[in-house]
Each structure stands twice: as structure tokens, then as C-alpha cells.
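Please have both at hand while reading.

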Amino acid sequence: MSTPDDLHLPDSALQGLGTRPFGVYVHVPFCATRCGYCDFNTYTAGELGSGAAPEDWLEGLRRELDLAARRLGTPPAADTVFVGGGTPSLLGAGGLAAVLDAVRQSFGLAADAEVTTESNPESTSPELFAGIRDAGYTRVSLGMQSAAPHVLRVLDRTHTPGRPVEAAAEARAAGFDHVNLDLIYGTPGERTEDLQASLDAVLESGVDHVSAYALIVEDGTALARRVRKGEIPMPDDDVLASDYELLDAMMAKAGLRWYEVSNWAASERARCRHNLGYWLGGDWWGAGPGAHSHVGGVRWWNVKHPARYTATLADAALPVGGQESLTAEDRHLERVMLELRLAEGLPLDALDADGVREARRAAADGLLSTRDLDGGRAVLTDNGRLLADAVVRRLVS
Ligand SMILES: C[S@@+](CC[C@H](N)C(=O)[O-])C[C@H]1O[C@@H](n2cnc3c(N)ncnc32)[C@H](O)[C@@H]1O
Ligand code: SF4
């Protein structure tokens, strides 16, 4: 573990900065309650000690962004900003406007910047959406997970029934063309008709983007403890696969096409440019407790606890918890892992001779598209998407 503020960015990492898309991620580490499945770096008010209130965090964030822009020399304007969490909507419209102002003052925003905030539907309102639209946000992402009350209960999720879809409609009415709903599938006890009903609600809401994730039982969560005690079974792999097929078929029918294995969009403009930056190996500065950054093959991450984060910045030091320089092998593995999950796939010239041979075998097994392979790209078939991780392992082993 390194000590704070020993970030070492060699000239080679800074070369070409600004010629590639540049993103800013801001981590908001606050939630009203903790959902049983979630292991994100986030804290309820009761869990936070002193020196870690939202006002302290915002002051720390301003300092980090100022130091960040100076550290990068000539800071590139942000092409994309993603305020994630945690629950950014807990900051209210004023707090979210202050976050975006801090990015404007440090890096600046590109003219057509995509500016997203995540939100928990329970802490949103028409006034919040109108306020953040005025402040310059262009995209809203809402955590929905499911429309079925008994599924939400297993997830420890407190929602007024129908609130996520209502919030999506409020966001659209406030002028947001780009609205995402997050779903979780494969929750033990979720029946096919529950998933179908959740999807019907999502698709009727008119959102232009959906992210759907298979439930992961993360170590250290309340969900993992309940699974260990035998109160809840593990998600079943066969159910996850058939759920995914149902999801994909219903989305396609409604005009939402997959562009990454867990993400569907109504048009090319509706794709999340910020996340595409991560998947295509772009540069980004991640600000806030526990946030990860990547510039030119150097990756680093901030200290996790909000109190340590603000205290480090109060001493005018960057709150770096650790860093690593990616080797050529690391970069190759990451590239295959991330780009293969995209609908455009991976150019074959990114693979070595063994990888290309394996890609041909995977195509013969029906996991990669033969037509795309002949055109020079490794693109997952519908079956391949169900086994994406296994295909990656074959291409890099
Ligand atoms: C930061 S949260 C979204 C915003 C807000 N905090 C909320 O929950 O409404 C990001 C998303 O990650 C997904 N997620 C978190 N933990 C997960 C897990 N263990 N398995 C699958 N998806 C998970 C959920 O879909 C969640 O909406
Ligand atoms: S899923 Fe969202 S609201 Fe729930 S604990 Fe995680 S970050 Fe907070």
C-alpha cells in the first residue's frame, strides 16, 4: 500500500492525453440505507464518523479536482462526466450542481459533454430533475432492480411500488432524452413472470437505455450471510441464462439493442459514452473516496473512507491509496476482456496467433460469429454472450 499523494505519472502515461476521450468520474459515498446485496464503497449517515459529512466530502472533492487538473499539466476538458455512487441524488439539485461546477472549474467541459448522474428513485422528484437539467446534466441513471415486491424484499430494497418507472417519466418530462433503468435478474424467488413484468414496466416507461445485471452474491454482504445460513439459495446458473435470453428477446422486440453484454440502447446516441470510455481503454480521473482512475496505462485508486479522504485533501495531498502500471500483458488481457463484451467485438489483430486459432475454434462451437470473423473481428453470438467469460479465457490462454 502506498502513502497518500505519491501518485507517479510518467511522461509516457501523459503522452497523447487529450487526444483520446477523457472522462471524469465522481464517487458519492452516501446511501440512505444499505441494500443487502451491495458492496459498493458507500455509507449510511449512522456509519459515517465526524469529518465525513456531505459538506466535508464536497470540499474534499473540490480540492481533489483542482489538484488533479494541475497534476495532469494541461488538463483535457471532460468529454464525459459520471456522478455515481452510492446515491448522488441524496445531494439534492444544489449539491449535484456544485459537483458539476467543480468539474467545470477544474477540467472544463467539452461542448457536447455527456453528464450522467446515478439516482435512487426514492430520493428523486420532478424538482430535482428540473434542477439538475438546468445545471447541465444530460443523462439520468436510476436503480430499479425489479418491479416485484417479493424480489425487492429479498434484495432488501425499499421502494414504493412503481416509483422507479414514475421517476423515469419525471426525468423525461424535465427534458432528459437519455434515461437508464438498472435491473437485477436471477434473484432467488424471482419467477419468469416477475422478470417479464419488470421488463414490461421498463419498456413501457420509454427509457432509451437499460442495464441488466445478474445478481452477484458479494462476500461480506447481508445477502451472502443469508445464503451461508441457508435462508436463501445461490442464484441458479441455468435460470440466469434463460433470464438473459428472455431479457434480450424482449429488449430487441422493443427496439433496444445490446451494445455491451449487460447494456441495451435504443440508438447509437443513447449509448453511455462514459462507460464506453472505460471499455475501450480511455483515460479518466476518478475523484472521491475509493474511486479508480486510469491514464495512459497507469491505474490508481483513492483511499476508501470518506473521513481519511477529506483529511488527506485538507493537507493539500492527493488521497491515493495505491497505484500500478499495467504491463503489456495486463493491457492485452483487459482489452480482450472488455472489448469482446461489446457488440462491435474485438479486432482480430489484437490477438496473437494462438488467440486467432482459438477464435476460429470458438466460431466453430457457435460462440463467435463466423461472418464477423471473416471480416476480421471477434464478435460474440447470442450463445457466446451467455459464456462471455469462458470465451475470453480461451482467447487469452
Ligand atoms: C450505484 S447503484 C445505482 C444507483 C442507486 N445507488 C440505486 O441503487 O438506486 C448501481 C447499480 O449496480 C447494480 N448492483 C449493485 N450491486 C450488485 C450486485 N451484487 N449484483 C448485481 N448488480 C448489482 C444495481 O443494479 C445498481 O442499480
Ligand atoms: S444499490 Fe445503490 S442504494 Fe443500494 S446500497 Fe448500493 S449504492 Fe446504495
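Which of the 19 residues around ligand 1 come nearest? They are Gly-86, Gln-145, Arg-157, Asp-182 and Ile-216, where a residue is near a molecule if one of its heavy atoms lies within 4 Å of it. The model is predicted: local features need pLDDT of at least 70, side-chain atom pairs count only at pLDDT 80 or more, and totals for chains, interfaces and linings use all residues. Residues are numbered from 1 along each chain as its sequence is written, chains are lettered from A and ligands numbered from 1 in the order in which they are written, and side-chain values use heavy atoms, with hydrogens and water left out.

**Ligand 1**

- A polar backbone atom of Gly-86 is 2.8 Å from a nitrogen atom of ligand 1, and a polar backbone atom of Ile-216 is 2.9 Å from a nitrogen atom of the ligand.
- Arg-157 contributes a polar side-chain atom, which lies 2.7 Å from an oxygen atom of ligand 1.
- On its own, ligand 1 has 560 Å² of accessible area, of which the protein covers 93%; accessible areas come from the Shrake-Rupley method with a 1.4 Å probe, and for residues only the protein chains shown count as cover.
- At least two residues of the shell around ligand 1 are supplied by each of β3 (109-119), β4 (139-145), β5 (178-185) and β6 (209-214). Helices (H or I, at least four residues) and strands (E, at least two) are DSSP runs, numbered from the N terminus.
- By class, this shell holds 8 nonpolar, 7 polar and 4 charged residues. Ala, Val, Leu, Ile, Met, Phe, Trp, Tyr, Cys and Pro count as nonpolar, Asp, Glu, Lys and Arg as charged, and the others, Gly among them, as polar.

**Ligand 2 and Gly-86**

- The residues around ligand 2 are Cys-31, Arg-34, Cys-35, Tyr-37, Cys-38, Gly-86, Thr-87, Asn-120 and Arg-157.
- The shell around ligand 2 comprises 4 nonpolar, 3 polar and 2 charged residues.
- Gly-86 is located in the loop between β2 (78-85) and α3 (92-106), and the peptide bond joining Gly-85 and Gly-86 is cis, with omega of about 15 degrees.

**Annotated domain**

- An unreviewed UniProt entry lists residues 16-257 as "domain: Radical SAM core"; UniProt positions are given in the numbering used here, feature names are shortened, and annotations may be inferred rather than shown by experiment.
- Over residues 16-257, the chain is 40% helix and 20% strand, and the end C-alpha atoms are 33 Å apart.

**Buried residues**

- Val-154 has its place in helix α5 (residues 149-154).
- Val-154 counts as buried because its relative accessibility is 19%; buried means under 20% relative accessible area, exposed over 50%, and partly exposed in between (1.4 Å probe, protein chains only).
- Leaving aside neighbours within four places in sequence, Val-154 is in contact (heavy atoms within 4.5 Å) with Thr-187, Pro-188, Leu-223, Arg-226 and Ile-232.
- Asn-263, in strand β8 (residues 263-265), is buried, with a relative accessible area of 3%.
- The side chains of Asn-263 and Ser-211 are joined by a polar contact of 2.7 Å. A polar contact is a pair of N or O atoms within 3.5 Å; within protein, one must be able to donate a hydrogen and the other to accept it, and residues adjacent in sequence count only if both atoms are side-chain atoms.
- Beyond neighbours within four places in sequence, the contacts of Asn-263 include His-209, Arg-257, Trp-258 and Trp-279.

**Positive phi angles**

- Asp-156 is not a glycine, although its phi is positive at about 60 degrees. Asp-156 lies in the loop between α5 and α6 (163-173) and is partly exposed, with a relative accessible area of 36%.
- Ala-316 likewise has a positive phi, near 60 degrees, in a residue other than glycine. The loop between α11 (306-314) and β12 (320-325) holds Ala-316, which counts as exposed at 51% relative accessibility.

**Exposed helix residues**

- Arg-228 belongs to helix α8 (residues 222-228) and counts as exposed at 68% relative accessibility.
- Asp-382 is found in helix α15 (residues 382-386) and counts as exposed at 54% relative accessibility.
- The side chains of Asp-382 and Arg-385 make a polar contact of 3.0 Å.
- Asp-382 and Val-261 are 121 residues apart along the chain, and their C-alpha atoms are separated by 9.8 Å.
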